[in-house]
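Please read the points against the model shown here.

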Amino acid sequence: MNLQDTLELHVKAAIKALFQSELESVEFQATRKEFAGDITVVVFPMLRVVKGNPVVIGEQVGQYLLDNVDLVQGFNVVKGFLNIEISDSYYLNFFQSVKDKTNYGFVEQKDDKAVMVEYSSPNTNKPLHLGHVRNVLLGYSVAEILKASGKKVYKTQIINDRGIHICKSMLAYQKFGQNETPTEELKGDKLVGNYYVKFDQEYKAEITDLVAQGQSEEAAKKNAPLLLEAQEMLIKWEAGDEDVVALWKKMNQWVYDGFEVTYKNIGVDFDTYYYESNTYLLGKEFVAEGLKTGVFFKKEDGSVWCDLTEDGLDEKIVLRSDGTAVYMTQDIGTAIQRIKDYPDVGGMVYTVGNEQDYHFKVLFLILKKLGFDWAKNLFHLSYGMVDLPSGKMKSREGTVVDADDLIQEMADTAEEISKELGKLEEYNEDEKQALYKTIGLGALKYYILKVDPKKRILFDPKESIDFQGNTGPFIQYTYARIQSILRKADSDNVAQTSSNDEIVLHEKEKQLIKQLELFPEIIQNAAEQHSPALIANYTYELVKEFNSFYQNVSILGADSEVEKSFRVDLSKLVSQTIKNAFQVLGIQVPERM
């Protein structure tokens, strides 16, 4: 039980003993720096059950705690705020109980029901870009956080491997590809992406010609021969045309091979893959089922819809008039297939940009209407777009920041800055390259994950690799500094002590232990809110506390062996907590820097 939970019980007991009243809950906040105290009880909410002056009530509760609770060693009341001072022994006992835990903050799996987290979910007509990078980092980190909080987790993605956009790159390749194949210099996903861009260029030229011949722009967009051919190709694909399916398989495989290289570079993985080409048929089955039960209705043109107007939404198409599936059909099929494959899944998290907010409201509602109990445990992890100082990205125009290029650029920037700082003289070339990648990726991941998922990000690579401030490299550098202290302590044979006797906590030590004590709760909150930002910013606060401690308190030059041993142990737990926090963010920590 943490400090807040323990104190809550005692404050409730105080209210019962002093005023014969029952408190439902107790409101706490951090004590303001200018007042003595470690934690503050807010008295005002108590006035609902206890009548009187909040200052007087605060004094009475404070005195009761001082007289009856060992861990309380003092108090003061400022207006309606009861500031409580906690004894050193409480913090020392807590520290002794966790100091050797390598998995500090993590909880053993405690739920039978699993959560499936979907992320990445790319289209097979282009390589992964900066927008996908935020998606992948968020989804992977949320999966790791849920795992650390005690949940069983499956990581998955749905690969959008069918549809008109895929046919566009296939058609362009068929017309202009001249049997080009991937090479070491040109990965398969990039090759296919080039033909998606090529389609768009040729399609726009056709529109311009048709407009010049007197068609309206709207009519030209619909009548352009290339688009009509792509639509024809989609119908052939759904009918199983051998040549079309063979080309589709070949080009998709090029893309998958390219994706795998990117995932490996960025350091993420998946337990299972789903393909839209497999799940859309199941979606169609359930649309047919829903037509019988009245969940869906058919319009005169033969298209099938779901009427959600009574739920404050609109009518949503689930099958086109020509019988072909839409995204919603596939998403219905995918969700149902996943539960069939993994019966222990009790909920799902979909990591998808906020432009799809409405789509997921509709999807979750349709699944509820189809009678699936688990539909109440579906969550859309919605996130804002990533902008660059140069503006918005567009795949079909070829103005995207490629994920592989970005990862390389981050490592190059890390190299440039490390050379300027001149910190790596003792390293050989392989060690240097590995470290540049660790720093570059750490900078990228931290910069993206420290921002609340809902907010839009302006990503500046240079700013992210600063060795000062709220950045990945600053935290990595602090971790490496602690490792250096621990190595020195080992070579100095600093004795281990497990006793609290003789230790009087310095204010900086106490602040550091208080920050460490928050970590398990931060993990649980981050899991509940699906927010890696809570962990990233907690870690920055922990590192700031450590650096303040390091500057004010001598670790290896302490006055006694007991103090020295305690401070080394304290530093060790800080570094372990940084490592654990960064682990769930998918960031590595270097032993030396």
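1. Arg456 is partly exposed at a relative accessible area of 48%, whereas Asp387 is buried at 16%. Here buried means under 20% relative accessible area, exposed over 50%, and partly exposed in between (1.4 Å probe, protein chains only). The two residues form a salt bridge, with their closest N and O atoms 2.6 Å apart. This pair links distant parts of the chain, 69 residues apart: Arg456 lies in the loop between α14 (429-449) and β14 (457-458), and Asp387 in strand β13 (residues 386-387).

2. On the basis of these values, the model is a predicted one, in which local features need pLDDT of at least 70 and side-chain atom pairs count only at pLDDT 80 or more, while totals for chains, interfaces and linings use all residues. Residues are numbered from 1 along each chain as its sequence is written, and side-chain values use heavy atoms, with hydrogens and water left out.

3. A salt bridge is taken as a side-chain nitrogen of Lys or Arg within 4 Å of a carboxyl oxygen of Asp or Glu. By this rule the model has 33 salt bridges. Helices (H or I, at least four residues) and strands (E, at least two) are DSSP runs, numbered from the N terminus.

4. Glu229 and Lys175 form a further salt bridge, with the closest N and O atoms 3.2 Å apart. Again the pair links distant parts of the chain, since Glu229 belongs to helix α8 (residues 225-238) and Lys175 to helix α5 (residues 164-176), 54 residues apart. Glu229 is partly exposed at 34%, and Lys175 is partly exposed at 41%.

5. Within helix α6 (residues 188-212), Lys198 and Glu202 are four residues apart and so separated by about one helical turn. Their side chains meet in a salt bridge at 2.9 Å, N to O. Lys198 is partly exposed at 26% relative accessibility, as is Glu202 at 25%.

6. Lys187, Asp189, Lys190, Asp402 and Asp404 are linked in a network of salt bridges.

7. Which residues of helix α18 (residues 519-529) are buried? They are Phe519, Ile522, Ile523, Ala526 and Ala527. These residues lie on the same side of α18 because they cover an arc of only 135 degrees around the axis, the arc being that of the directions from the helix axis to the C-beta atoms. The buried residues of α18 pack against α4 (130-148), α17 (507-517), α19 (532-552) and α20 (561-585), where contact means heavy atoms within 4.5 Å. Just after α18, His530 takes a positive phi of about 50 degrees.
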